[in-house]
Amino acid sequence: MLRLLKFLLLFSLFFVSCRSKNKVEQPMIKDFDLLQRANNDYTTIDLEHAEELAYRELIDSIRYIPLGDECGVMGNIANIITYKGRFYIQEEQFDRVFIYDDTGRCLKKIDNKGRGPGEYLRIESIDINTEKEELMLVDGMSDKLFFYDLGGNFKSIHSIRYFQTENTLCLRDSVFLHISAPSQNFGNEGLYGYALVLSKGNENFLKGYRYLPLQVGYKGGGQIFKGYERSCYHPIYSDTIYQILSDTTYGPIFYFKIKNSSWEKYHNSDRFVDIDGSEEGVFTLLYENQDFFLGYIADKKKKGNYMQPFLYDKMKDKTYLLRWCDYYEHLKELDYFEGYEARGIFEDYFIAHVSFSTLDQYNIFGRVKDGALKITNPELERVIQNLNTDSNPVLILTKFKHL
């Protein structure tokens with residue numbers, strides 16, 4: 001009997017200690033508040049009646065920054081963020097981040113893929129926490145945030161509890177904005193069907209962002225991005241871009257108009273579709289600076305998955321559909337080479353990039369060598385002279401002008 005009592009006492013102590021340990025390791029999720037919509041004004045971007053212009057007609061100036069190979073050869077670029085004169089470039093194939101100064105000199109390469117201490121499995125997105133002066137890498141496979149100083153030196157890891165994320169932005173006061181699949185409930189039925197989750201440090205408070213009733217089906221998240229001095233969210237299959245105003249409030253800032261400017265009708269537009277070929281959803285890749293808003297849509301009137309760029313001039317309240325130059329092989333003089341898809345913002349410039357293979361497909365190198373093509377821009381001429389098959393990409397920084 002005495003042995004039985006001792007056993008029961010030890011078992012109860014072990015059970016209590018396990019429960020206490022679990023409470024420490026898995027903090028309780030607090031009650032969350034819905035992100036409430038603010039009834040503020042918004043701007044309508046009318047794509048149906050947008051003026052169509054050649055891309056170069058709106059160019060104010062272009063800068064070219066060849067990326068050096070001090071840190072090795074880079075693969076495809078997935079994302080570019082800039083801060084205090086530096087470019088933080090997320091590479092796609094090998095899950096690395098390259099840090100460059102504004103001359104194109106590589107300062108550091110983050111290459112810590114693996115399963116050991118301080119190593120990540122896959123980089124989904126990157127951002128800068130300006131409050132703490134940190135670079136953040138989002139590992140969507142291990143559900144962790146990796147933090148580095150601005151020089152690329154490892155600092156710390158923060159584990160994300162109860163949910164998965166592929167894209168995270170640093171907001172303010174250690175609050176993080178995460179985008180997630182709406183079919184997840186993160187162990188909390190109250191969060192089912194929400195696209196955005198907010199978390200703060202180890203407190204693990206979660207706040208939902210309910211998918212709009214106009215959206216069809218429970219499909220994946222949409223896009224969160226840093227606009228001009230604000231954080232923005234564009235839900236998939238939505239005609240509206242929202243600004244995160246605080247931890248509890250959001251408001252519309254841009255509304256897209258196609259045809260009858262209502263979701264039920266324009267998602268059946270005979271022209272614009274989402275880039276993935278879906279019959280619904282019309283926008284992807286959105287960037288904003290102080291004066292302009294640049295986006296890309298797929299155009300069914302063009303062959304293949306044609307990315308149609310549009311530019312909204314916020315000062316003039318004017319929208320343009322931009323035509324890329326596609327006849328480089330017939331030009332006798334070349335002053336600009338346009339970047340096709342933006343990957344970030346640097347001051348007043350939209351950042352695109354170009355590689356040797358892109359220029360070579362227009363036979364630019366051969367025609368320059370034969371004298372059939374004259375480069376009238378000295379900066380572009382230096383780029384073409386020095387670019388080869390082993391070169392890293394060249395950043396193209398484009399500043400647009402008000403017409």
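The entries below follow the order in which I looked things up.

**Entry 1: the model.** Before anything else I noted that this is a predicted model, and I kept that in mind for each entry.

**Entry 2: a sheet from β5 to β8.** I looked up the strand order here and found an open sheet of 4 strands, running β5-β6-β7-β8 with antiparallel pairing. The edges are held by β5 (77-83) and β8 (106-110), and because each has a single partner strand, one side of each is left without a neighbour in the sheet. On average, neighbouring strands of this sheet are turned by 20° against each other, direction ignored. Within the sheet I followed β6 (residues 86-91) and β7 (residues 97-100), which pair in the antiparallel sense over 4 bridges, and I noted that Phe87 has Tyr100 of β7 as its bridge partner.

**Entry 3: Asp95.** I then turned to the loop between β6 and β7, where Asp95 lies. Is Asp95 buried or exposed? I found a relative accessible area of 6% for Asp95, and since buried means under 20%, this residue counts as buried. As for what its side chain touches, I noted a polar contact between the side chains of Asp95 and Lys113 at 2.8 Å, while the backbone nitrogen of Ile123 is reached by the Asp95 side chain at 3.0 Å.

**Entry 4: a second open sheet.** I next looked up the sheet that has the order β4-β30-β28-β27, which is open, consists of 4 strands and has antiparallel pairing. Here β4 (59-66) and β27 (344-346) stand at the edges with a single partner strand each, so one side of each is left without a neighbour in the sheet. Neighbouring strands of this sheet are turned by 35° against each other on average, direction ignored. I also followed β28 and β30, which pair in the antiparallel sense over 5 bridges, with His353 standing opposite Leu395 in β30.

Entry 5: Among the lining residues I wrote down Tyr55, Tyr296, Glu341, Phe350, Ile396 and Thr398. Sorted by class, the lining has 7 nonpolar, 2 polar and 1 charged residues.

Definitions and conventions:
Residues numbered from 1 in each chain as written. Predicted model: local features only at pLDDT ≥ 70, side-chain atom pairs only at ≥ 80, totals over all residues. Heavy atoms only, no water. Pairing = 2+ DSSP bridges. Helix = DSSP H or I, 4+ residues; strand = E, 2+ residues; numbered from the N terminus. Axes fitted to C-alpha atoms, helices over the stretch in contact; angles between N-to-C directions. 1 Å grid on protein atoms, 1.4 Å probe; cavity = no way out; pocket = protein on both sides within 12 Å on 5 of 7 lines; lining within 4 Å. Nonpolar A, V, L, I, M, F, W, Y, C, P; charged D, E, K, R; others polar. Buried < 20%, exposed > 50% of the residue type's maximum accessible area, 1.4 Å probe, protein only. Polar contact = N/O pair within 3.5 Å; in protein donor to acceptor, adjacent residues only side chain to side chain.
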